[in-house]
Amino acid sequence: MTKAPKQSSVHVGIWQSIPSPMVSRYLATMGWDWIVLDMQHGSMSFETAYECVQVIRKCGARPIVRVGIDRPFEVQRALDIGAAGVVVPMVNSLEMARELARAAKYPPQGERSFGSDAAILQGSDYPERANRETLLLVQVEHADAVAVVEEMLAIDGVDGCFVGPTDLALSMGLSRHGYASHPDHQAAMRRIVTAAATTGTLACCNTYDLDDFQEKVQAGYGAITLMSDVDLLMGSGRKLLKELRVRAGTPSSA
């Protein structure tokens, strides 16, 4: 069994929710390492995701797709449209992780079906390279997943985990506000990172501000996301509009 090598630097990623290849192009040309197309909470179709994936690749970033909960067939489909990796939410059992690993890897390692245009777009030897080059990242975002995280990350075909800190906190009976300072949540987060380091897999995490980002870097995460295309649009737009209102002497409620 070959696991992903330990990363010497942190990969910085961003989420894309807006279903547009144009947005993918803008994000990819900014220089993000990873762009995660969110098909769990967003409105993106697989047809649009296909175009976004190809644009991201051509612009030099790595396209990752987050699929729906407990849908192994979507893992295969995401890889077939060219994704370099797949994030699967709410993987809370070893049985589910094993099923996803079988879907993500070609035989003899798994049971992924041969097909798609990947060999045309990524080279005729894609089937031989795919198991090494594509990532299956199971989301550890529930207390049940933390309870078996060591065994889960040791499964052949699971390349790493993607932590959802807020959902994890909610599953532990904590509030979605201020959970980061709770000792039980901190212990769970340490356990996840340690499990990834022990199994030689990639630990990824979502963050919500720059201080949180820095803490995750120091904690040893190999890939970290911060914000999304919507956050960039709304945050910059609101800031600009507020400044314009002040300069124009116009009430903010206008």
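Predicted model: local features only at pLDDT ≥ 70, side-chain atom pairs only at ≥ 80, totals over all residues.

Biologist: Fine. How many helices and strands are in the chain?

Modeller: The chain has 12 helices and eight strands.

Biologist: And what is the radius of gyration, against that of a compact globule?

Modeller: The chain has 19 Å. For 254 residues, a compact globule would be near 18 Å, so the two agree. Along its principal axes, the C-alpha trace spans about 70 × 45 × 30 Å.

Biologist: How many of the residues count as buried?

Modeller: Of the 254 residues, 47% are buried. The exposed surface comes to about 12,500 Å², with 54% of it from carbon and sulfur atoms.

Biologist: Charges next. How many positive and negative ones are there, and how far apart are their mean positions?

Modeller: There are 24 positive and 29 negative charges. Their mean positions lie 5 Å apart.

Biologist: On to the core. Which residues touch the most other members of the largest nonpolar core?

Modeller: Leu 37 and Val 75, in a core of 56 residues. Helix H4, residues 94–104, gives the most to this core, with seven residues. There is also a second, separate core of 12 residues, and its members include Trp 34, Ile 64, Cys 204 and Ala 223.

Biologist: What is Val 75 in contact with, beyond four places in sequence?

Modeller: Val 67, Val 86, Val 88, Leu 100, Ala 103 and Ala 104. Leu 100, Ala 103 and Ala 104 are among the buried residues of H4. Leu 94, Met 96, Ala 97 and Ala 101 are buried in H4 too.

Biologist: What covers those buried residues of H4?

Modeller: The cover includes helices H3, H6 and H8, along with strands S4 and S5.

Biologist: Pick a residue in H8. Is Leu 153 buried or exposed?

Modeller: Leu 153 sits in H8, residues 149–153. Its relative accessible area is 0%, so it counts as buried.

Biologist: And Tyr 126, buried or exposed?

Modeller: Tyr 126 belongs to helix H6. It is buried, at a relative accessible area of 2%. Outside four places in sequence, it touches Leu 79, Tyr 106, Arg 112, Ala 118, Ala 119 and Thr 134.

Biologist: Now Ile 120. Buried or exposed?

Modeller: Exposed, because its relative accessible area is 71% and the cut-off is over 50%. Ile 120 lies in helix H5, residues 118–122. Its C-alpha is 37 Å from that of Val 149, 29 residues apart along the chain.

Biologist: Which residues other than glycine have a positive phi?

Modeller: Asp 70 is one of them, with phi near 55°. It sits in the loop between strand S3 and H3. At 42% relative accessibility, Asp 70 is partly exposed. Met 227 is another, with phi of about 75°.

Biologist: Where is Met 227?

Modeller: In strand S8, residues 223–228. Met 227 is partly exposed as well, with a relative accessible area of 35%.

Note on methods:
Residues numbered from 1 in each chain as written. Heavy atoms only, no water. Core = buried A, V, L, I, M, F, W, Y, C linked by side-chain atoms within 4.5 Å. Buried < 20%, exposed > 50% of the residue type's maximum accessible area, 1.4 Å probe, protein only. Helix = DSSP H or I, 4+ residues; strand = E, 2+ residues; numbered from the N terminus. Contact = heavy atoms within 4.5 Å. Rg over C-alpha atoms; globule rule 2.2 N^0.38 Å. Areas by Shrake-Rupley, 256 points an atom, 1.4 Å probe, with all protein chains shown as cover. Lys, Arg positive; Asp, Glu negative; His and termini not counted. Charge placed at Lys NZ, Arg CZ, Asp CG, Glu CD.
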